[in-house]
Structures are given as C-alpha cells and as structure tokens.
Amino acid sequence: MTELLTLPPDARAAHAAAAKTPRRRQALAMVLLAASLLCPPLDALAQSARRSGDYIVAVVNQEVVTNSEVQQRLQRTEQDAASSNTRLPDRDTLMRELLDQLIDERAQLSAARDGGVRVDEAEIDRAVTNVAAQNQITVAQLRERLRSEGLDYARFRNSLRDQILLERIREREVQSRIRITDADIEAWLAQQREKNGAATEYNVAQILLSVPENAAPAVIAQRRQQGVALLQRVRTGEDFAALVREASDGSKERGGEMGLRRADKLPDLFVEAVGPLRVGEVAPQVLRSGAGFHLLKLVDRREAALTVQQQRARHILLRPGPKLTQETIVRRLTSFKRQIEAGTAKFEDLARQHSEDGSAANGGDLGWASPGQFVPEFEQALSALRPGSIADPVVSRFGVHLIQLLERREQRLDAREQREMARAALREQKADDAYTDWAREVRARAYVELRDPPGQ
C-alpha cells in the first residue's frame with residue numbers, strides 16, 4: 001500500500017512523482033513525439049534548421065527549440081483537445097504555453113545530463129519494443145515505417161532516451177523533496193476519522209474529590225490542596241488504584257476505571273488531559289470541573305480504526321506514442337468495450353494481449369485499492385461504475401485506460417495500514433508542489449534566449 005496502485009508495477013518508479021496538473025500531464029503525454037524531444041548540439045541543429053527552412057525560436061543552455069517542434073506540439077495538442085472535448089486558450093496564448101513547456105523540458109534534460117542520469121541501450125531497446133507493441137507491429141516494421149516517413153531511427157532512439165531521462169530526473173528530484181512527518185500522518189488520519197465519524201476510545205481511571213455546590217472558598221482550597229498532595233504521592237510511586245480506594249468520592253471499582261469510551265462520550269476536559277499521555281501515565285495537573293477536582297490516569301487507548309470502501313478493478317492501458325495518437329487509442333479501446341459487452345471477447349484476454357502494463361499477465365487485475373490510490377480521473381470513472389460494468393475510455397497521465405469494476409467491499413484498516421495509506425496519500429498530495437518548486441529552480445538556473453522569426 002505504500003506504492004500508488006494507479007501505477008502499473010513496471011512503471012511505478014518512473015511515475016510516482018508525476019504531477020496531476022494539466023501542464024505536467026500534457027508534457028508527459030507529449031514527450032514521446034519522436035524527434036520533438038531530440039536535443040542535438042546547437043550548431044548541428046541550427047544548420048539543419050536553415051537547410052529545411054525551419055528556424056530556432058529558443059536557445060536553452062546548449063540546446064535549441066525550433067519552430068517546427070512548437071508547431072508539432074500545437075497540432076498534437078489541438079488533436080487531443082478535439083478528441084476529449086477539452087477547451088483550449090486562444091492560439092497565441094497556447095503557442096506561448098507550448099514553447100514554455102519545451103523550454104522547461106530542455107532545461108530539465110540539461111539538469112539530468114549534468115546530474116549524471118544515464119540510460120543504457122537495453123532500456124532503449126525495451127522502449128522501442130513498447131512503441132512497436134503500441135502500434136501492433138514488429139520492431140522491424142517500426143523501423144521501416146520510420147524510414148518511409150523520413151524519420152531517422154537513431155534520432156528516434158535518442159528521443160526515447162530523452163523521455164526516460166526526463167522521467168528519471170523528475171522522479172529523483174521530486175521524491176527527494178517530499179518530507180512526510182509523523183505529525184503530518186496524525187493530522188491526516190484525524191481528518192479522515194472526523195470525516196468517517198470515527199473516534200479514539202479511552203479507558204480513564206480517576207480520583208474524584210467532590211466539591212459541594214456553593215461550597216465556601218476555604219472548602220474549595222482544602223480539596224484542591226488534597227488533590228495536589230495525592231498527585232505528589234502518585235509521582236513518588238504510590239499505586240493509583242490504592243489511592244482511589246483511599247480517597248476517591250467516585251467509583252472505586254477496578255481502581256476507578258471508567259471503561260473504554262469514545263472520545264465524544266467523555267468530557268472535553270478529560271480528553272484534552274489524557275490525549276497527550278502514554279498508556280499508564282497520570283495527567284500532570286489536578287483538574288477542576290463542576291463536580292470537583294479530578295486526578296486522571298490513562299489506562300488504555302484504542303485508536304479508531306478507519307473503515308474504507310475498497311474497489312477491485314482491472315484495466316487495459318495503452319500509451320500514446322509517435323505512431324499511435326490518443327484519438328486512435330480511444331477508438332481502439334471503445335471497440336474492445338463493445339466486443340466485451342457483446343460477449344465476443346473477454347476482458348482478461350484482451351488485457352493479456354494488448355495492455356502495456358505490468359498487470360497484463362493477470363488479465364489487467366489491479367487488486368484491491370483504497371480511496372486516493374488511483375489518480376483522480378481513474379478513480380472518478382471507477383466510482384461511477386457498478387460491479388461488472390465497464391467505463392468509456394479514460395485518459396490519465398499514464399495513457400488511456402479501459403476500466404472494469406469487479407467488486408467493492410468495506411475494509412477495516414489496522415493501525416499500520418492506516419499509516420501506510422496516509423503516507424501514500426500525503427506523498428501524492430505533496431508531489432505537485434515539489435515538482436513545481438524543482439522545475440522553477442531548474443528554469444531559473446538555465447540560460448534561455450528567445451529568438452524572433454527570420455526577417456523580424
């Protein structure tokens with residue numbers, strides 16, 4: 001449960017810190033646009049741009065961004081927006097945002113190289129195989145298709161290397177910035193318990209020194225002094241239960257224990273006093289209430305167990321790539337859904353054959369997941385389903401999913417599971433801010449020169 005169940009097992013390390021903001025989701029989706037992330041040396045690319053009639057729009061450290069790259073990304077963004085009914089800003093604003101994305105990526109790639117991040121050839125081979133699988137062709141057919149469209153295979157491999165470099169530097173830097181303290185975990189759990197109406201239970205023992213209504217000040221002072229003296233005797237090691245029997249005006253059964261009670265069934269005064277205590281400790285002060293003076297001992301504490309609704313789902317994940325657009329994937333998964341619902345294909349068989357996910361071998365089964373363990377768009381689609389039903393294709397930062405809900409259940413989490421769930425949720429919440437801070441610092445350190453089009 002410490003890993004985010006949204007991530008396929010073979011991609012968790014690369015994506016655990018990926019953000020949920022539109023810009024970062026888009027950057028991750030676009031990063032496989034073949035040569036669009038390729039960053040050859042400045043002189044070589046400048047010469048190539050002049051020969052092709054293209055031109056440089058930005059220099060980032062020793063790398064460049066060309067106008068053709070911005071136009072490619074613009075075309076892809078508009079296609080994806082049309083297929084998902086997403087509203088875009090006006091063309092000029094969008095162009096500036098896309099150029100800004102490319103500059104950020106170039107700066108981050110420089111940081112990855114300067115930071116010693118490396119990708120070996122075997123990893124590139126696996127990435128090429130995945131791209132071919134996305135297009136349902138062999139690697140040899142992929143190479144031939146690239147050649148027929150004028151794309152150099154070596155440049156294509158370099159673009160995949162850049163993709164992996166970006167993912168790796170983002171993961172490393174973002175995760176290193178996330179700090180989750182015990183106080184963060186306790187606060188998160190307290191918030192969840194409040195939402196669920198759960199409350200910690202306490203067993204408190206007390207010595208009650210009653211004070212009559214309208215008692216004279218001298219009587220009040222005498223009872224207070226008696227309480228202070230009893231507290232001092234406890235601190236010197238005398239048995240609390242023995243003192244209950246000797247002095248308490250309240251119940252003397254079981255050493256004055258009140259039995260396990262929910263916090264909301266105890267006086268606020270008592271909860272505030274024993275809340276910070278460890279089991280077996282006595283409150284450091286004599287407390288005053290309308291009934292008199294109290295000495296309190298925490299005999300037992302039982303943290304409220306959270307009960308969460310867990311969902312078991314399976315999915316088929318396809319990732320956009322250079323030759324497989326998001327729109328094409330949506331159509332393909334929609335076809336899969338029709339086949340499954342018509343009974344001409346089984347979900348698990350299609351997942352094993354097509355899903356680009358570590359769960360494919362298990363028919364796409366993701367196991368049981370608690371709230372907050374899927375990315376929002378995945379979880380939102382899942383929550384709207386009935387057991388056995390299938391959602392329309394869902395786009396997330398990881399690709400496009402065909403999701404089927406298998407079962408739901410109410411699950412009581414023990415203390416360890418609660419803390420693990422809290423840590424996972426907090427890590428996801430803090431990833432956005434950590435990424436934003438890191439990306440801003442990388443951009444600030446980079447040399448960026450914007451250039452006007454030729455003739456201006």
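Is phenylalanine 378 buried or exposed, and at what relative accessibility? In this predicted model, phenylalanine 378 has a relative accessibility of 2%, so it counts as buried, the cut-off being under 20%.

**Aromatic rings**

The model holds three aromatic pairs, and one of them joins phenylalanine 374 to phenylalanine 378. Their ring centres lie 4.6 Å apart, with 25° between the planes. This pair counts as stacked because planes under 30 degrees apart fall in that class. Phenylalanine 374 is likewise buried, at 6% relative accessibility.

**Charges over rings**

Rings also meet arginine side chains here. In each case below, the charged end of the arginine sits over the ring, and the distance runs to the ring centre.

| Arginine | Ring | Distance to ring centre |
|---|---|---|
| arginine 288 | phenylalanine 293 | 5.0 Å |
| arginine 409 | tryptophan 368 | 4.1 Å |

**Strands around β10**

Now let's turn to the strands. Strand β10 covers residues 399–412 and pairs with strand β7, residues 307–318, in the antiparallel sense. Twelve is the bridge count for this pairing, written as 12 bridges. Across it, glutamine 309 stands opposite glutamate 410 of β10.

Strand β10 has another antiparallel partner in strand β9 (residues 394–396), this time over three bridges. Valine 394 has histidine 401 in β10 as its bridge partner. Between β9 and β10 there are two residues, and the two strands form a hairpin.

Conventions:
Residues are numbered from 1 along each chain as its sequence is written. This is a predicted model: local features need pLDDT of at least 70, side-chain atom pairs count only at pLDDT 80 or more; totals for chains, interfaces and linings use all residues. Side-chain values use heavy atoms; hydrogens and water are left out. Rings of Phe, Tyr and Trp (its six-membered ring) pair if their centres lie within 6.5 Å; planes under 30 degrees apart count as stacked, over 60 as edge-to-face and the rest as tilted. Buried means under 20% relative accessible area, exposed over 50%, partly exposed in between (1.4 Å probe, protein chains only). A charge sits over a ring if NZ of Lys or CZ of Arg is within 6 Å of the ring centre and within 35 degrees of the ring normal. Two strands pair if DSSP finds at least two bridges between them. Helices (H or I, at least four residues) and strands (E, at least two) are DSSP runs, numbered from the N terminus.
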